[in-house]
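Welcome to a short tour. Please open your viewer, get your selection tool ready, and follow the stops below.

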Protein chains: 2
Amino acid sequence: MVGSKGSNGPVKTAKVNIPSKSGDYDEWYRYMVQTAGLMDNRYPIRGMDVWLPYGMKARSLLDGLIRGEMERTDHDEVSLPTLVPDYLLDKESKLVSRLKHARELGVDGSELRLDEEEKGGGFSREVYWVRHAGETKLDLPLFLRPTSETAMYTMFKHWIRSHVDLPLKVFQIVNSFRYEKKQTRALLRVREIHFFESHTAHESEQGATTEIERYLETMSRLFSALKLPYLCTKRPAWDTFPGAWYTIAGDVVMPDGKTLQAASCHHYLDQWSREFEIKFLDDEGTQKFVHQTTFGMSERLLGAVVACHGDDRGLLLPPCVAPIQVVVIPIANGERQAAVKEKVHREARRVGQELKGAGIRCRVDDRNVNPGHKFFDWEIKGVPLRIEIGAKELANGSVTSWRRGTEKQAKQTFKVNNLVEAVNLELKEVSDEMGRASAKRLEESIKPLPSFRVEGEGLVFEQPIEKAVYETPFDGNEKMAEMLERGAGLKFLGYSMESYEQERACPFTGSLTCNRVILAKTY
Amino acid sequence: MVGSKGSNGPVKTAKVNIPSKSGDYDEWYRYMVQTAGLMDNRYPIRGMDVWLPYGMKARSLLDGLIRGEMERTDHDEVSLPTLVPDYLLDKESKLVSRLKHARELGVDGSELRLDEEEKGGGFSREVYWVRHAGETKLDLPLFLRPTSETAMYTMFKHWIRSHVDLPLKVFQIVNSFRYEKKQTRALLRVREIHFFESHTAHESEQGATTEIERYLETMSRLFSALKLPYLCTKRPAWDTFPGAWYTIAGDVVMPDGKTLQAASCHHYLDQWSREFEIKFLDDEGTQKFVHQTTFGMSERLLGAVVACHGDDRGLLLPPCVAPIQVVVIPIANGERQAAVKEKVHREARRVGQELKGAGIRCRVDDRNVNPGHKFFDWEIKGVPLRIEIGAKELANGSVTSWRRGTEKQAKQTFKVNNLVEAVNLELKEVSDEMGRASAKRLEESIKPLPSFRVEGEGLVFEQPIEKAVYETPFDGNEKMAEMLERGAGLKFLGYSMESYEQERACPFTGSLTCNRVILAKTY
């Protein structure tokens, strides 16, 4: 399973019946994650799985993409402790409750002070508590971070003195923990999360807003690199992250028609900084509170890659996160002459070295099993390109390449004297084809919400609501949104960042609006 | 402090009084770790500090060296959950108690069965417990891993079926947790540990022994790369890691004359595999238990780098882990003509680009502060090489380079047409000089144990014992070792892997032995 004899080695399955993606999607997903060697779900705690070598490589490549984006946007990497003192959770809970209460009353949150007993918002119901060490009861109870606002802002208070310290932009890639009560699922709903989070502080609301815009660009670049069909929406007020002014999330449209929140960013205004006393001296010597943002993602991105691109033959990994981009297979089992066999194997090794030398992640599979077995193993793992070298290729100075396509495999023959360029072009074509397929799927996934009429508190739709993503013009209030959610049996995902170009009538109010609201079943 | 405006940016101290390393070593160390921007100790949990951007970069570079070694020795990277079910700790405790008891009785541990109440060995007194999540009491109590034998071997049982699965060699770089009761100290004694651990399983005892030999080579390569003066000893039986047959550790000789255990590896025989039922079918179809090893290191390596190489001007980082290897400083403050100033700055940027292009980690410091201030800031951070460019250099087509030496700075002038080669040579010279200084310090640190005579249970030494590392021939028993420890007030570190070439007389038994025992005060 782990494949230590050759890291990320092939799975040790012979040909078996792979569950069908269209037939039993959940079983297919579970099978793929485990059999391709991404995660092992046999660890004895539910929702906490083991990253296997192949999964770790893919994760490291994804982390590398994220670090690259953080470098591009001038964020510094830090790492905070995993444990957080309990009083910070109280502080957060009070802030969140006050803001929620204020929203309901329609007043400014900073004016409200809540009684102790009213607290309990935020993460208090889903944190893991550490109250003992060895036989000792800790004086200061601790919890495992579910996210790091409270810990981070405790440090921000030390790090920020004046406007020359701003903007402060940091990120960390760490494990976070949530006591998930819903059904867990590898990479998609877990209790120990491989978590990316960035936190920024700015002089002004506008500074924070500009950072949010940069995060949307980063989100777009990452989802594009991974060829994921996604929608970007501003969450409605009642679904905004606790403590945030507003939340914008990236949701992947999954193969089962549901959406998966895979990234989100939050504009905090100065709401947290008031609670955590993060002040700076502006250039006129006035003390002010900073405005803040965060941006978060997790291994869900990898889960989405598995779910969206895989098929009944296995995974298909975008070359940018594929631990092995090219597998080279010598085909010489049928050769009677040992000398020819040896030459074929030597040529395969030479080709492997050449590709590695050019920075292509390549593996030569010279195991003593038949080629069909090898093809099967590497298809499960989603290697984008397979190169075969036999006696014929050897004689012609060529290789045969098979592109693992989104629909069918594409065969090509390349001369070895121009191999690196040809392979890079094929890898680019895999990416491009995946991108086109993803764009097409996204376009086909979104349907206009059928017309309906209101009957009492309920809605009667003219056509049945399917398991799909729906869009509709909307400028109604929270109560109307609730009716819509209940009536359609869908979640009010939010306001698309791509609003309608021309105004359309809201089906509730009848007034014209460019607001394009997305509704879907969600993970 | 964090320096977000330019990652790893200079510290924001003006000239201040740096504590003296020889005067107040502890205060000097504390000051350096914080002021150089490695760690921030103001997080509200003792022994759990924040990795600052500069510290994170150094840590990542060190992790990179370790990953390189793991790649070289065919280990695969995995990542196991942070939490471990409580029953695995019981299992470990029982194993450890049984082995300890067996050692005392001089019998084979696998024969002994202990009562429940006799357990309690291993890590049970220093683990953090998680017994609640939200308001829920967990059915399965969990603890934060102090190390991962128990979790890892639970998976090994799934991963190993037959001899073709062996050797199994994996590693992980994760956080581990120990409720440390001694005085904590950044990087050196912490409660959340940045932990490297590898675990292997082999068909035979000999396979495991060979792996231990490879680990000693890896240890040597890493300590050499970091230019750390270190000793490699086989721990005496009573100081062997719980559950191990034997333990070999690498101890750095620190500037205060004490030694710091910074790496250790353990030969487990089949002791753990019997407890965790890790069996394989050998090529004759017989079920056998695997033989196992582990190898562990932590951020202590970075703490040792700080302590060993820094001086009263700041850190000195070996180029291989220096986040910034070269700082380029334009010197044009005194220039009256704006045009000259601009040309000097442009040349500094060009030089910076050229060095970066050649893969050298380089920073151009064009802040509007005087050069002395800049020199001070980068010396604190331990940048190995400083390049100055002023009007004179500009006119001559040269740069002035200052090598941050172990004793004094070395000035050179280089022509810009051959800069990359010259800089690489200077960086190599920094490394080499650090290596020579380290070898010299090691040699000077080890003293022959003064002669003594036994009086009752005590020892009377002919010369006073200093705070130093001592060596002595020794072939005595455990009781004699205890007398030695108590009498000298030193720890019996273990048997040096470099034994004496010629036999010498053991001061207790008088018999001749090549055993070279190391005694020292330890961290």
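This is a predicted model: local features need pLDDT of at least 70, side-chain atom pairs count only at pLDDT 80 or more; totals for chains, interfaces and linings use all residues.

**Stop 1**

Colour chain A and chain B separately. Chain B can be superposed on chain A with an RMSD of 0.0 Å, using a turn of 180° and a shift of 0.0 Å along the axis. This is how a two-fold axis relates two copies. To find that axis from chain B, select B:V130: its C-alpha is the nearest to the axis in that chain, at 2.5 Å. The same surface is used by both copies, as 100% of the contact residues of chain B recur in chain A.

**Stop 2: the domains of chain A**

Now stay with chain A and select by residue range. The domain assignment lists domain 1 (84–144), domain 2 (326–439) and domain 3 (449–520). Between the C-alpha centres of domain 2 and domain 3 of chain A the distance is 50 Å.

**Stop 3: an aromatic cluster**

Next, show side chains. Over all chains, the structure holds 42 aromatic pairs. Begin with A:W238 and A:F492, a tilted pair with 5.3 Å from centre to centre and 50° between the planes. The two residues are 254 residues apart: A:W238 is in the loop between β9 (230–234) and β10 (246–253) of chain A, while A:F492 is in strand β24 (residues 491–496). Which of them is buried and which is partly exposed? A:W238 counts as partly exposed because its relative accessibility is 30%, and A:F492 counts as buried because its value is 0%.

Then move to A:F452 and A:F508, whose ring centres are 5.3 Å apart with planes at 55°, so this pair is tilted. A:F452 belongs to strand β21 (residues 452–455) of chain A and A:F508 to the loop between β25 (504–505) and β26 (512–513), so the pair ties together parts 56 residues apart in sequence. Both A:F452 and A:F508 are buried.

Finally, select A:W238, A:F452, A:F461, A:F474, A:F492, A:Y495 and A:F508 together: they form one aromatic cluster.

**Stop 4: arginines over rings**

For the last stop, look at two arginines. A:R59 lies over the face of A:W51, 4.9 Å from the ring centre. A:R386 lies over the face of A:F375, at 3.7 Å from the ring centre.

Terms used
Residues are numbered from 1 along each chain as its sequence is written. Chains are lettered from A and ligands numbered from 1 in the order in which they are written. Side-chain values use heavy atoms; hydrogens and water are left out. Copies are superposed by least squares on the C-alpha atoms of residues with pLDDT of at least 70 in both. Contact means heavy atoms within 4.5 Å. Domain bounds come from an automatic or database domain assignment. Rings of Phe, Tyr and Trp (its six-membered ring) pair if their centres lie within 6.5 Å; planes under 30 degrees apart count as stacked, over 60 as edge-to-face and the rest as tilted. Helices (H or I, at least four residues) and strands (E, at least two) are DSSP runs, numbered from the N terminus. Buried means under 20% relative accessible area, exposed over 50%, partly exposed in between (1.4 Å probe, protein chains only). A charge sits over a ring if NZ of Lys or CZ of Arg is within 6 Å of the ring centre and within 35 degrees of the ring normal.
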